[in-house]
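Please read them alongside the coordinates.

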Amino acid sequence: MEKDGMNKPEREHVYLYWLLQLPAMGAVTAGRLLNRFGSFAAVYNMEGTRLCREGLLKPSQAAAFEKHKERLAAAARQYEALSRRGIR
């Protein structure tokens with residue numbers, strides 16, 4: 001997503017949008033991940049197994065997290081469409 005024409009805050013919003021579409025991912029867990037890794041882009045680049053080892057995700061969540069990574073491009077398109085409509 002580096003050469004997508006978005007600035008860093010916009011990219012972070014896309015990564016957050018993607019993360020919150022993950023089943024069983026709530027605001028508290030997303031906040032813990034952000035606090036631990038410093039950005040949602042960094043969270044995306046973590047391996048689910050590491051997140052599980054560190055006690056941040058359950059094993060089932062870690063597996064779903066890895067599978068969900070293939071949905072980033074679709075999430076980015078959805079986020080951009082919402083932004084064009086003024087929905088943030």
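**Notes on the model**

1. At 1% relative accessibility, W18 counts as buried; buried means under 20% relative accessible area, exposed over 50%, and partly exposed in between (1.4 Å probe, protein chains only). This is a predicted model, in which local features need pLDDT of at least 70 and side-chain atom pairs count only at pLDDT 80 or more, while totals for chains, interfaces and linings use all residues. Residues are numbered from 1 along each chain as its sequence is written, and side-chain values use heavy atoms, with hydrogens and water left out.

2. The structure holds four aromatic pairs. Rings of Phe, Tyr and Trp (its six-membered ring) pair if their centres lie within 6.5 Å; planes under 30 degrees apart count as stacked, over 60 as edge-to-face and the rest as tilted. The ring centres of W18 and Y44 are 5.0 Å apart and the planes are at 80 degrees, so this pair is edge-to-face. It links distant parts of the chain, with W18 in helix α1 and Y44 in helix α3, 26 residues apart. Helices (H or I, at least four residues) and strands (E, at least two) are DSSP runs, numbered from the N terminus. Y44 is buried, at 16% relative accessibility.

3. W18 also pairs with F65: the centres are 5.5 Å apart and the planes at 70 degrees, so the pair is edge-to-face. Here W18 in helix α1 is linked to F65 in helix α5, 47 residues apart. Both W18 and F65 are buried. Ring pairs join Y15, W18, Y44 and F65 into a cluster.

4. The charged end of K69 sits over the ring of Y44, 5.5 Å from its centre. The criterion is NZ of Lys or CZ of Arg within 6 Å of the ring centre and within 35 degrees of the ring normal. K69 counts as buried, at 17% relative accessibility. K69 also forms a salt bridge with E66, the closest N and O atoms being 3.4 Å apart. E66 is partly exposed, at 34%.

5. There are four salt bridges in the structure, each a side-chain nitrogen of Lys or Arg within 4 Å of a carboxyl oxygen of Asp or Glu. E54 and R36 form one, with the closest N and O atoms 3.0 Å apart. E54 lies in the loop between α4 (48-53) and α5 (59-68) and R36 in helix α2 (residues 27-37), so the pair ties together parts that are 18 residues apart in sequence. E54 is partly exposed at 33% relative accessible area, and R36 is partly exposed at 41%.

6. E70 and K67 meet in a salt bridge through their side chains (3.0 Å, N to O). E70 is exposed at 57%, and K67 is exposed at 54%. Elsewhere, salt bridges that share partners join R36, R50 and E54 into one network.

7. Which residues have the most contacts inside the largest nonpolar core? They are W18, L19, M25, L33, F37, L51 and F65, in a core of 22 residues. A nonpolar core is a set of buried Ala, Val, Leu, Ile, Met, Phe, Trp, Tyr and Cys residues joined through side-chain atoms within 4.5 Å. At least two residues of this core come from each of α1 (8-20), α2, α3 (40-44) and α6 (72-84).

8. Not counting residues up to four places away in sequence, F37 touches A42, V43, M46, R50, L51, E54 and L56 (contact means heavy atoms within 4.5 Å).
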